[in-house]
Amino acid sequence: MTYALFDLDAAAPLPPLTLTEEESGLAVLVRYEGRPVGFWMEPLAPGTHLGVAEVAERVRRHAGTRLLRERLQAALAPPPPVPPSLPSLTVAVCTRDRPEQLARCLASLERLPPTALGRPVAVDWLVVDNAPSDDRTCALVVERPAVRYVREPRPGLDVARNRALAEARGDRLAFLDDDVTVDGGWLDGLMAAWVEHPDAAAVTGLVLPYALETEAQILFERRGGFRRGFDPVRYQGPEHPGNPLYPCGAGIFGAGANMAFRRDVLQALGGFDEALDTGPPLPGGGDLDIFYRVVRAGHALVYEPRALVFHEHRRDLDGLRRQYHSWGLGFMAFVAKTYASDPAQRLRLRRLVRWWFRYQLRLLRGSAPEPVPPRFVRAELLGGVTGLLGEYGRSARRARRLREQAVAPAP
């Protein structure tokens, strides 16, 4: 099972699309003058040929409203003025024993122009090598003199993120997962968000699939993947229209694979919670937690789809099942931590937990809009139950022991 990926710009003549005999569907990113405006997936027979008129009808159906808005915006509203200088930026990639993915990520960053919005940008590239088992990552990075290398011996993604925060030189700090590649407009989109929202403490971006070559990748993206839509959204304050669970359902804010912050705000918040995103014991929740704490501290968080990256999803079904388990575990660990630390939100958190379990049961019954194989639902449910039953406390104790061991004097 393989889907072909196509990248179309509706500001230019649309091409016909043809599948090979090995491809059983397609996934299409639609842009307008480079800006992402829509995405759809569609199963098709191998060898299918879509003529220009058929492609145009699909573009209209899946992205027509957004395309119309983009055209009106371009015609009627001048772009916001760009300040004489843009904020400096550290781009941190936290990695562990994945030099092949890291090499691809760094290559995409190296292809970015040294400017954004027509202005030069001071960018500091940083790789944090988290408790590596060998020197392959170090050897890869030292061949790139523009990239700084830091080795963090304590395991844990949030530990590595905090090391990046300590090492960062830019006024803004962006985090990318090592299994993403950045779009050519990523830096423009990131800086545009801060030009349009100079008070924003955090910016997240659109995440689309890098490849859809296996059943697991296609299943994951059919359920929505990491997508959060194609409309920019500003989140700030205690309420958000149409979302009674805001800000507790922190998954709405974006994904940790593609997020950026004001460095001073991260420092003031105490950085990332090292009891979350610890690896196998509790492999998630760190991004949810920091998004929630940014918003609860009164800051603005902006989702900007122009800051686009492409993520390599899990290739095998067992890996996807483990991911769903980790999502349930990390989400409910975040909920349990927040329930204890933020009493003012306990009513919403209880409502969120009820909604989540009802939603999972709908998936098991097959009555939810997106079909999900039952074994993945059961894995996510099991992770959620484990997360509610004290896993955050156990993880906090493990993290404390690791910190103490790291500072203990050698015998």
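**Notebook: a walk through the fold**

I began with Arg 58, which, leaving aside its neighbours within four places in sequence, is in contact with Trp 40, Glu 42, Leu 44 and Leu 50. The model I am reading is a predicted one. I found Arg 58 in helix α1, residues 52-76. Is Arg 58 buried or exposed? Its relative accessibility is 13%, so Arg 58 counts as buried; the cut-off for buried is under 20%.

**Cores**

Next I looked up the nonpolar cores. The largest has 100 residues. Leu 109, Phe 175, Leu 176, Trp 186 and Phe 261 have the most contacts inside it. A second, separate core has 18 residues, including Leu 14, Leu 19, Tyr 32 and Trp 40.

I then listed the contacts of Phe 175, not counting residues up to four places away in sequence. Among them are Ala 92, Cys 94, Arg 161, Met 259, Phe 261 and Phe 272.

**Helix pairs**

I checked α9 (residues 317-341) against α10 (residues 346-365). Their axes come within 9 Å and cross at roughly 160°. An angle over 145 degrees counts as roughly antiparallel, and α9 and α10 are therefore roughly antiparallel to each other. The crossing is left-handed.

Which residues of α9 meet α10? I noted Gly 328, Phe 331, Met 332, Val 335, Thr 338, Tyr 339 and Ala 340. On the α10 side I noted Arg 346, Leu 349, Arg 350, Leu 352, Val 353, Trp 356 and Phe 357. The residues of this contact divide into ten nonpolar, two polar and two charged.

I turned to α9 and α11. Their axes come within 7 Å and cross at roughly 35°. This crossing is right-handed. By class, the contact of α9 with α11 has 13 nonpolar, six polar and six charged residues.

**Helix α6**

How many of the eight residues of α6 are buried? I read six, so helix α6 (residues 215-222) is mostly covered. The buried ones are Ala 216, Gln 217, Ile 218, Leu 219, Phe 220 and Glu 221. They pack against β1 (3-9), β4 (35-43), β13 (200-209), α9 and α11 (374-407). Just after α6, I noted Gly 224 with a positive phi of about 125°.

**Strand β1**

I picked Leu 5, which lies in strand β1. Leu 5 has a relative accessible area of 35%, so it is partly exposed. Leaving aside its neighbours within four places in sequence, it is in contact with Ala 27, Pro 209, Tyr 210, Ala 211 and Leu 212. I also looked at Leu 165, 160 residues from Leu 5 along the chain. The C-alpha atoms of the two are separated by 35 Å.

**Loops and backbone angles**

I looked up a cis peptide bond. It joins Tyr 246 and Pro 247, with omega about 0°. Pro 247 is found in the loop between β14 (233-235) and β15 (258-262).

I then searched for positive phi in residues other than glycine. Glu 33 has phi near 50°. It lies in the loop between β3 (25-32) and β4. Its relative accessible area is 56%, so Glu 33 is exposed.

Leu 117 has phi near 55°. Where does Leu 117 lie? I found it in the loop between β7 (115-116) and β8 (119-120). Leu 117 is partly exposed, because its relative accessible area is 27%.

How values were computed: Residues are numbered from 1 along each chain as its sequence is written. This is a predicted model: local features need pLDDT of at least 70, side-chain atom pairs count only at pLDDT 80 or more; totals for chains, interfaces and linings use all residues. Side-chain values use heavy atoms; hydrogens and water are left out. Axes are lines fitted to C-alpha atoms, for helices over the stretch in contact, and angles run from 0 to 180 degrees between N-to-C directions. Helices (H or I, at least four residues) and strands (E, at least two) are DSSP runs, numbered from the N terminus. Angles under 35 degrees count as roughly parallel, over 145 as roughly antiparallel, 65 to 115 as roughly perpendicular and the rest as oblique. A crossing is left-handed if the near helix is turned anticlockwise from the far one by less than a right angle, and right-handed if clockwise. Contact means heavy atoms within 4.5 Å. Ala, Val, Leu, Ile, Met, Phe, Trp, Tyr, Cys and Pro count as nonpolar, Asp, Glu, Lys and Arg as charged, and the others, Gly among them, as polar. A nonpolar core is a set of buried Ala, Val, Leu, Ile, Met, Phe, Trp, Tyr and Cys residues joined through side-chain atoms within 4.5 Å. Buried means under 20% relative accessible area, exposed over 50%, partly exposed in between (1.4 Å probe, protein chains only).
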